Amino acid sequence: MQHGWQAVTLMHRARLIFQDGAELTVEVEPGQTVLEGALAVDVPVRYDCCTGSCGSCVVQCVDGQTVVDLTGKVPVNADELVAGLRPGCLTRLNSDASFELPYPLKPAPSAPAKHSAEIMGVQRAAPSVALLTLKLDRAEDFTFQSGQYVRLAAPGISGARAYSIASTPAELPLIELMIRLVPDGKMSRWLQETAKVGDRVKLQAPLGSFGLDDRARRHVFIAGGTGLAPVLSMIRSLRGRGQRALLCFGCTRRQELFYEAELAALVGTMPELEVRIAVMEGADADIRRGTAVSLLQQDDFDAETVSYLCGPPGMVDAARKAIAEHGVGVAAIRAERFQPGG
Ligand SMILES: Cc1cc2nc3c(=O)[nH]c(=O)nc-3n(C[C@H](O)[C@H](O)[C@H](O)COP(=O)(O)OP(=O)(O)OC[C@H]3O[C@@H](n4cnc5c(N)ncnc54)[C@H](O)[C@@H]3O)c2cc1C
């Protein structure tokens, strides 16, 4: 008969529930994060930075006890934590737990990989917004879901920058990016002073878990500035589905407003789409004064509506708070924050 201490294992299980109803259960070792547990057995969960900046691995905890590392960057705010949103890269388990993932298991976009591309166009949509059109060298290896982003690396710039794809998968091998030119930004300066047609760039893509919820029958998009990019891709992907869509688009100043004519043309081809635009400064007879959020009305939401928020973190937080006041629950909200340097 053997005596002695028996090792106590604190292994817990994470049940991962995908948007298409598929479920996978993974074991999460003591000290491991939920993301690490999933990646250890090659579950195709979406992630990027693993440091709490990008928000790609945020999932909804529906049961179980979790511990979130709040000592560094955290891609969700206090209200979202209370509502059960958990960054997989910062979350450990104190019990078995279940998580809903905001994307389907199938069809999955291609796994993130390194790509090269040629610049086909660098244009200015507004004084501080550049439109960058790229042609991938090997598009046959690349599929993405509208809403996802790329990490763009340019010659002579240290580090890559995250930019959402504004075009749709149907437009591959071309990819369009909408880039806000920020003061003293390295990529911003490169775009203004150096980048030209024919230059070559490197990409890591596709990344991120922002995307359409295929279970929704009605879609409300709230975009601030270049937060329009992923939202535009998603709206264009809705074409032909006959589902109602509303875009509330806001820019700070009238002279910074961009894509007005393109949005009007899109409405012409998508009768089920409504577009409302507001600016904080310089409103006129055509454009209302206010924020993207101020354009919302109570009857914009019903039980089949999913809302998609995208823009700077402050704008996304304000939008989330405002639509919660319209009675929208956390399960019906998808968000992407354009963290500086993200
Ligand atoms: C998932 C994700 C998707 C993104 N998609 C887009 C997109 O489609 N379009 C887009 O324009 N941006 C997007 N961003 C933000 C973008 O990655 C950064 O704005 C970009 O890194 C700025 O690069 P830069 O080299 O010009 O500035 P940096 O050299 O990286 O920064 C220089 C200075 O500017 C500040 N700064 C950087 N970005 C901003 C900003 N946005 N607002 C105010 N100050 C800033 C920095 O704090 C720093 O002080 C995204 C971010 C994330 C996380």
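Reader: Where is the place of Pro-206?
Author: Pro-206 sits in strand β13; strands here are DSSP runs of E with at least two residues, helices are runs of H or I with at least four, and both are numbered from the N terminus. This is a predicted model, where local features need pLDDT of at least 70, side-chain atom pairs count only at pLDDT 80 or more, and totals for chains, interfaces and linings use all residues. Residue numbers start from 1 along each chain as its sequence is written.

Reader: Which peptide bond joins Ala-205 and Pro-206, cis or trans?
Author: The bond between Ala-205 and Pro-206 is cis, with omega about -5°. Most peptide bonds are trans.

Reader: And what about the bond from Lys-106 to Pro-107?
Author: That peptide bond, Lys-106 to Pro-107, is cis, with omega near -5°. Pro-107 is in the loop between β7 (97–100) and β8.

Reader: Back to β13. In which sense do β8 and β13 pair?
Author: Antiparallel: β8 (residues 113–126) and β13 (residues 200–207) pair over 6 bridges. Pairing requires that DSSP finds at least two bridges between two strands. Ser-116 is opposite Lys-202 in β13.

Reader: How many bridges join β8 to β9?
Author: There are 8 bridges between β8 and β9 (residues 129–136), and the two run antiparallel. A hairpin of 2 residues links β8 to β9. Arg-124 has Ala-130 in β9 as its bridge partner.

Reader: Different topic. What is the phi of Asp-42?
Author: Asp-42 has a positive phi, near 60°, and is not a glycine. Most residues other than glycine have a negative phi. Asp-42 lies in the loop between α1 (34–40) and β3 (58–63).

Reader: Where does Cys-50 lie?
Author: Cys-50 is in the loop between α1 and β3. Cys-50 has a positive phi of about 60°, and is not a glycine either.

Reader: Why does Asp-42 count as exposed?
Author: Asp-42 counts as exposed because it has 8 C-beta neighbours inside 10 Å.

Reader: What about Val-316, buried or exposed?
Author: Val-316 is buried, because 23 C-beta neighbours lie inside 10 Å. Val-316 belongs to helix α6 (residues 313–325).

Reader: Which residues is Val-316 in contact with, leaving aside neighbours within four places in sequence?
Author: Val-316 is in contact with Leu-309, Cys-310, Gly-311, Ala-335 and Arg-337, those sequence neighbours aside. Contact means C-beta atoms, placed from the backbone, within 7 Å.

Methods. A residue is buried if 20 or more other C-beta atoms lie within 10 Å of its own, exposed if 12 or fewer, and partly exposed in between; C-beta atoms are placed from the backbone. Two residues are in contact if their C-beta atoms, placed from the backbone, lie within 7 Å.
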